[in-house]
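Please open the structure in a viewer and keep the selection panel at hand. The tour goes from one selection to the next and says what is there.

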2 protein chains.
Amino acid sequence: MNLLFFQISSIVIAILAFGAAFWLYKWVEKQPSSNRRIAEVSKLIRNGANTFLAKEYRTLVKFCSVAAVLILIFLPQPIWHGKPLENVIMALAYIFGTVCSGIAGKIGISIATIANVKAAESATKGIKPSFMSGFRGGAVMGMAVVGSSLLGVTLVLLLTNNTTALLGFSFGASSMALFAKAGGGIFTKTADISADLVGKVELGIPEDDPRNPAVIADNVGDNVGDVAGMGADLFDSNVASMAAALVMAASLDKFTDGSLNTMTVFCYAAIGLFASIIGVMTAKMKEGGDPTRALNSNTYVTTVIFAILTAIATWAFKLEWRIWACSAIGLVIGVIIGLASDYFTDDKKRPVHEVAKACESGPAFTILSGISYGLMSTLPSMIGIGISALAAYKICEPLGAGYPMFGISMAAVGMLSIVGMIISNDAYGPIVDNARGLVEMGDLGDKALEITDSLDSAGNTVKAVTKGFAIGAAGLTVIALLGAFMSEVNTAAVELGMAAEGTHYIQGFDIINPAVFFGLLIGAAIPALFSAMLMLGVDRNAQRMVAEIHRQFKEIIGLKEGKEGVVPEYDKCIEIATDGAIKELIPAGLMTIVMTLLVGFIGGVHAIGGFITGNIISGLLFALFMSNSGGLWDNTKKYIEAGHHGGKNSAAHKAGVVGDTVGDPFKDTAGPSINTQITVVSLVASLTATIFLTINLFG
Amino acid sequence: MNLLFFQISSIVIAILAFGAAFWLYKWVEKQPSSNRRIAEVSKLIRNGANTFLAKEYRTLVKFCSVAAVLILIFLPQPIWHGKPLENVIMALAYIFGTVCSGIAGKIGISIATIANVKAAESATKGIKPSFMSGFRGGAVMGMAVVGSSLLGVTLVLLLTNNTTALLGFSFGASSMALFAKAGGGIFTKTADISADLVGKVELGIPEDDPRNPAVIADNVGDNVGDVAGMGADLFDSNVASMAAALVMAASLDKFTDGSLNTMTVFCYAAIGLFASIIGVMTAKMKEGGDPTRALNSNTYVTTVIFAILTAIATWAFKLEWRIWACSAIGLVIGVIIGLASDYFTDDKKRPVHEVAKACESGPAFTILSGISYGLMSTLPSMIGIGISALAAYKICEPLGAGYPMFGISMAAVGMLSIVGMIISNDAYGPIVDNARGLVEMGDLGDKALEITDSLDSAGNTVKAVTKGFAIGAAGLTVIALLGAFMSEVNTAAVELGMAAEGTHYIQGFDIINPAVFFGLLIGAAIPALFSAMLMLGVDRNAQRMVAEIHRQFKEIIGLKEGKEGVVPEYDKCIEIATDGAIKELIPAGLMTIVMTLLVGFIGGVHAIGGFITGNIISGLLFALFMSNSGGLWDNTKKYIEAGHHGGKNSAAHKAGVVGDTVGDPFKDTAGPSINTQITVVSLVASLTATIFLTINLFG
């Protein structure tokens with residue numbers, strides 16, 4: 001078996017995934033829908049989402065064009081160093097990455113805005129058809145994203161045979177994800193918070209009430225933030241984990257004149273996608289079944305298929321068992337991290353009950369206890385990530401130098417192997433959330449509302465697990481990228497004549513080195529600053545939208561009373577959310593990139609090593625804290641609404657709503673964007689390693 | 001000049017400080033006080049504080065006895081290794097440290113509970129006498145704490161001539177501070193929150209209203225948390241910074257057969273105390289002057305005196321100018337960090353105005369914007385600490401191996417040189433806060449209330465600067481302690497025969513080493529868990545106290561209406577706060593120590609190096625975030641109360657109160673305790689280095 005076999009197999013399986021996506025798309029499209037009111041509303045949602053996406057992409061085209069030109073001039077080495085072809089390849093790989101990421105988002109929006117209608121209307125028939133519409137809609141996204149990431153990575157490597165170009169491709173995906181996630185996250189939470197604040201809290205009208213001017217914007221937000229943004233995010237994580245593994249595999253393969261390690265990466269990644277295809281296509285739910293269990297059991301089935309198939313492949317193709325063990329560990333730890341997140345956000349467990357009890361003493365206690373449990377929730381995941389990195393390293397140590405880091409990267413690949421399934425579950429959430437809104441607005445009756453409510457709640461619960469996976473995998477990937485950064489530095493040092501062939505310019509990053517420590521301190525502050533900027537963006541934007549909603553209720557006569565034929569100006573709210581998000585998404589992302597470059601210019605490669613590390617550590621900490629606190633508050637509110645501690649409209653409920661509002665940008669804007677932020681920092685650092693080697697103040 | 005000269009000078013200056021403290025104490029005592037009502041109330045406060053302290057110390061005696069026995073058996077090496085005298089010295093040094101720390105707290109309480117009365121009563125005469133009573137009361141504490149820390153360190157070194165014993169002394173101070181700060185912090189915020197919640201929010205009665213059953217507990221809390229706890233905290237930081245510097249100085253002096261570096265540490269520390277004595281004794285305020293300016297100008301005067309005197313000493317005693325530069329940099333960066341904290345909490349600056357504006361949209365926005373600015377505020381300080389460490393390192397690099405780390409420790413000594421002044425300013429805060437309460441309860445009239453209000457507000461503003469100093473210094477100290485840890489490991493390795501004489505067993509802590517990374521990840525989660533445990537402690541305790549206050553208002557007839565002669569059962573509330581604090585203070589502190597040992601046993605000395613580092617980084621981040629968010633919310637509430645955005649009792653004010661309540665345990669329980677927590681981890685690690693070298697799973 002040679003490398004080409006595995007690459008072609010990867011392409012075949014990627015195409016298989018596209019086939020599955022196409023079949024699922026057609027299946028969803030075929031489901032009946034006839035309600036005129038829903039058709040109208042869903043058109044508004046679709047148009048709103050497409051308008052936002054078009055505006056966002058227009059802004060990002062400008063940004064990415066500038067970035068591409070800079071890459072063309074400076075990367076991998078300044079173009080006047082005489083290898084212009086490499087620069088052209090780099091710039092093209094970068095552009096290819098951004099385009100793939102953009103397409104992933106677009107596909108997600110297209111299917112999500114169809115599947116929501118189908119899930120809504122089939123809810124009148126029962127939970128099963130409604131669930132299947134939601135899940136299969138999400139699965140289209142899952143298959144498309146993972147298929148295109150595997151296809152993209154394989155094509156780039158086949159065409160260029162250059163792993164640095166792979167980092168360029170990955171950087172393209174990351175930079176798009178950074179802005180898409182931030183922009184979508186700001187949009188969705190602006191709309192969500194404003195709609196809730198004026199609708200539920202001030203006026204006491206139900207969620208998704210059509211009188212609320214922000215209600216369409218809220219539903220658009222689910223699509224652009226949770227579907228398109230999340231798709232770009234996981235596309236990015238998946239590409240980054242493969243890129244990191246392939247960079248290290250290639251440098252290991254050099255020494256053996258073979259391609260065993262590179263083959264292993266393709267083999268496991270392809271099997272992961274294949275397992276996800278099986279998992280997605282066989283997913284079922286019984287009428288009257290529990291949607292949470294259905295979603296989780298899909299995940300477990302995929303996990304087991306992956307473990308078995310990779311074991312068979314390892315045996316059949318004589319791959320290295322130690323590497324297999326790493327990927328298996330990654331997968332297991334991923335599940336454990338997911339379960340830990342689940343504990344802190346599940347409404348059947350103690351943290352939610354304690355926070356709900358604290359709500360009785362007022363909003364300050366809701367916040368304090370929610371923050372406390374969120375902070376606590378970081379420990380098991382940090383230990384999990386730490387142990388999997390340590391275990392992968394120790395397992396691969398006997399294989400020789402370079403293998404331990406490769407082992408860590410393969411643990412990340414293992415953790416992300418079932419990402420197709422994870423995206424399907426994740427995209428399911430906003431689809432059924434939207435469906436719930438359509439049921440309410442289309443007046444489809446209480447039974448349908450109850451069904452979509454339970455589907456929605458399952459989506460929230462499963463989200464905790466999938467987020468745990470995403471954060472854990474990002475953590476391992478960036479640890480691996482730190483290794484990739486070091487090997488880029490050493491390669492560049494040899495090329496620049498700063499180190500002899502076969503020697504290492506840097507051996508590692510010693511904490512006692514003050515440049516490293518300097519980097520650590522500043523790197524750690526970046527995720528704090530980054531999330532603060534995003535949250536303030538939501539804050540400012542929501543204040544504008546609240547003012548607009550107030551204006552409409554004041555000026556549009558008959559709106560508050562629900563007079564027949566009186567409709568709010570939905571598009572005004574969509575416009576505010578869109579413009580605000582576009583305005584706020586650039587500074588935070590740009591700050592990240594500029595700070596990385598600044599630290600590099602001041603402290604050189606050692607400072608950057610520290611910077612990446614500080615950034616990983618505090619990034620993981622804040623991502624876990626914010627996601628879990630947010631999920632905890634969300635479920636606490638729902639738990640109270642279900643009749644505990646006085647139920648709806650009690651004092652405890654009001655306090656719970658405050659917690660939920662604080663939690664919204666925590667869990668859907670800042671928290672998940674940090675993932676992408678740490679990947680971007682690592683990639684920027686790796687790509688600019690050569691420059692920092694030669695130009696710096698104190699390195 | 002020999003070392004003995006500097007040590008004796010240090011002792012003389014320490015005694016001078018005690019003399020100053022005694023003179024100030026007498027001065028405060030001499031101030032007139034005659035109001036009977038105030039005498040009654042102040043007696044309640046004094047008794048409450050002493051009862052708490054007695055109970056707390058009783059618990060801590062048990063804990064410290066166990067620790068002392070463990071030290072006797074295991075440290076610096078297991079006693080069966082045949083150097084029992086060293087173990088006895090170590091245990092005695094530890095006990096000496098705890099006793100000194102305990103005495104510092106006790107002195108603080110004694111003077112604070114006198115000075116509050118004097119400041120209250122002299123407020124009827126004008127702002128100047130009231131200010132002087134508050135400031136000189138605080139200065140007694142400042143002089144006593146710094147005098148005893150310099151005296152203690154000098155005596156331990158003179159008597160044992162053993163720097164490891166110095167670490168034992170420092171650990172004694174730290175372990176006391178950890179619990180005193182946590183216990184006092186839980187007490188004070190339990191009482192503060194409960195009193196505000198029921199009094200101000202539910203019943204709308206003013207702050208410090210004598211009808212409120214929690215009002216005495218609240219005033220006791222100021223003393224036990226902000227005076228005694230803070231004193232123990234800064235005693236600890238000061239001792240730790242000197243200990244770290246002396247450990248490194250001693251190992252550098254070994255190579256030169258001199259004692260130049262050790263002399264330098266004593267020289268600068270003694271001059272710092274001398275400068276503080278001058279600053280404190282010459283502090284003045286004009287009648288009608290601005291108390292904030294008076295406090296800050298004292299700090300700046302002391303800073304300048306220190307810089308000039310150390311420069312003269314460096315010239316006269318032919319000390320090393322590069323070391324002088326390090327201490328000067330520490331001092332300057334300390335001021336800069338303080339100013340950055342000030343920006344984010346000052347009610348004349350943008351963050352407070354923005355958060356106040358956000359309050360109009362409800363409590364969720366208060367929280368979101370406050371958290372965002374708090375997160376942002378970490379960056380300048382992290383950069384400041386990073387740059388001062390980098391600069392100190394680079395300045396001392398030409399002096400040879402070992403000097404760079406010594407330079408960093410001297411930057412910490414420089415930053416803490418004026419700690420006498422800082423404690424004076426810091427202890428001034430709770431004294432005038434108490435005075436305000438006494439004026440209200442003793443009915444001393446509106447003018448006196450206005451005066452104590454303005455003195456109190458100055459205390460809050462200055463606190464931001466002093467907290468910045470304390471956190472920055474703790475950061476530099478623990479970086480230096482990381483160096484001390486490494487040298488302890490290397491010394492132990494030589495003694496154990498694991499490395500040859502004159503060689504280094506470990507060169508540093510490489511991030512790429514998975515044991516280091518493992519430690520980093522877990523170390524970073526510890527401050528999160530630690531602060532969560534403390535905040536949940538406050539949360540639980542406050543819920544109990546709120547229930548008690550409700551009970552009293554319900555069962556004591558005439559209390560709510562303020563009927564003549566009806567008094568609440570103040571002592572019940574004090575009891576709840578005391579018992580709760582005692583119960584909650586042990587687990588969080590113990591967790592920190594146990595986790596350090598666990599990580600050491602799993603990953604060995606490399607994991608511990610990572611653990612200390614992760615702990616420093618996330619500890620600094622959370623300490624800055626929590627202190628600044630808390631200060632920001634406090635001042636936002638006051639800003640609104642001053643008539644902005646609707647003023648008192650407006651919707652914005654209610655939201656501001658929620659922010660303030662969340663901020664209370666942030667800034668006065670969790671935030672400042674993290675300082676001590678990171679010092680404790682570093683010291684435990686250094687002291688147990690030998691054990692982890694020989695016993696570990698994956699090291």
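Predicted model: local features only at pLDDT ≥ 70, side-chain atom pairs only at ≥ 80, totals over all residues.

Residues are numbered from 1 along each chain as its sequence is written, and chains are lettered from A and ligands numbered from 1 in the order in which they are written.

A residue is buried if 20 or more other C-beta atoms lie within 10 Å of its own, exposed if 12 or fewer, and partly exposed in between, with C-beta atoms placed from the backbone.

Now centre on Ala480(A). Leaving aside neighbours within four places in sequence, the contacts of Ala480(A) include Ala244(A), Ala245(A), Met248(A) and Met405(A). Two residues are in contact if their C-beta atoms, placed from the backbone, lie within 7 Å.

**Between the chains**

Next, show the contact of the two chains, to which chain B gives 63 residues and chain A gives 63 residues. On the side of chain B that touches chain A, helix 16 of chain B supplies the largest share, 18 residues. That side has 44 nonpolar, 16 polar and three charged residues. Ala, Val, Leu, Ile, Met, Phe, Trp, Tyr, Cys and Pro count as nonpolar, Asp, Glu, Lys and Arg as charged, and the others, Gly among them, as polar. Helices are DSSP runs (H or I, at least four residues), numbered from the N terminus.

Select helix 17 (residues 570–641) of chain A together with helix 17 of chain B: their axes come within 11 Å and cross at roughly 60 degrees. That makes helix 17 of chain A oblique to helix 17 of chain B. Axes are lines fitted to C-alpha atoms, for helices over the stretch in contact, and angles run from 0 to 180 degrees between N-to-C directions. Angles under 35 degrees count as roughly parallel, over 145 as roughly antiparallel, 65 to 115 as roughly perpendicular and the rest as oblique.

**A pair within chain A**

Move to helix 11 (residues 363–376) and helix 18 (residues 651–687) of chain A, whose axes come within 8 Å and cross at roughly 45 degrees. Helix 11 of chain A is therefore oblique to helix 18 of chain A. Among the residues making this contact are Pro363(A) and Gly370(A) of helix 11 and Ala655(A) and Val662(A) of helix 18.

**Single residues**

Pick Ala577(A), which sits in helix 17 of chain A and is buried, with 32 other C-beta atoms within 10 Å. Ala217(A) is 360 residues from Ala577(A) in sequence but 7.4 Å away in space, C-alpha to C-alpha.

Last, go to Lys318(A), in the loop between helix 8 (291–316) and helix 9 (321–345) of chain A. Lys318(A) has a positive phi of about 55 degrees although it is not a glycine, and counts as exposed, with 10 C-beta neighbours inside 10 Å.

Terms used:
Helix = DSSP H or I, 4+ residues; strand = E, 2+ residues; numbered from the N terminus.
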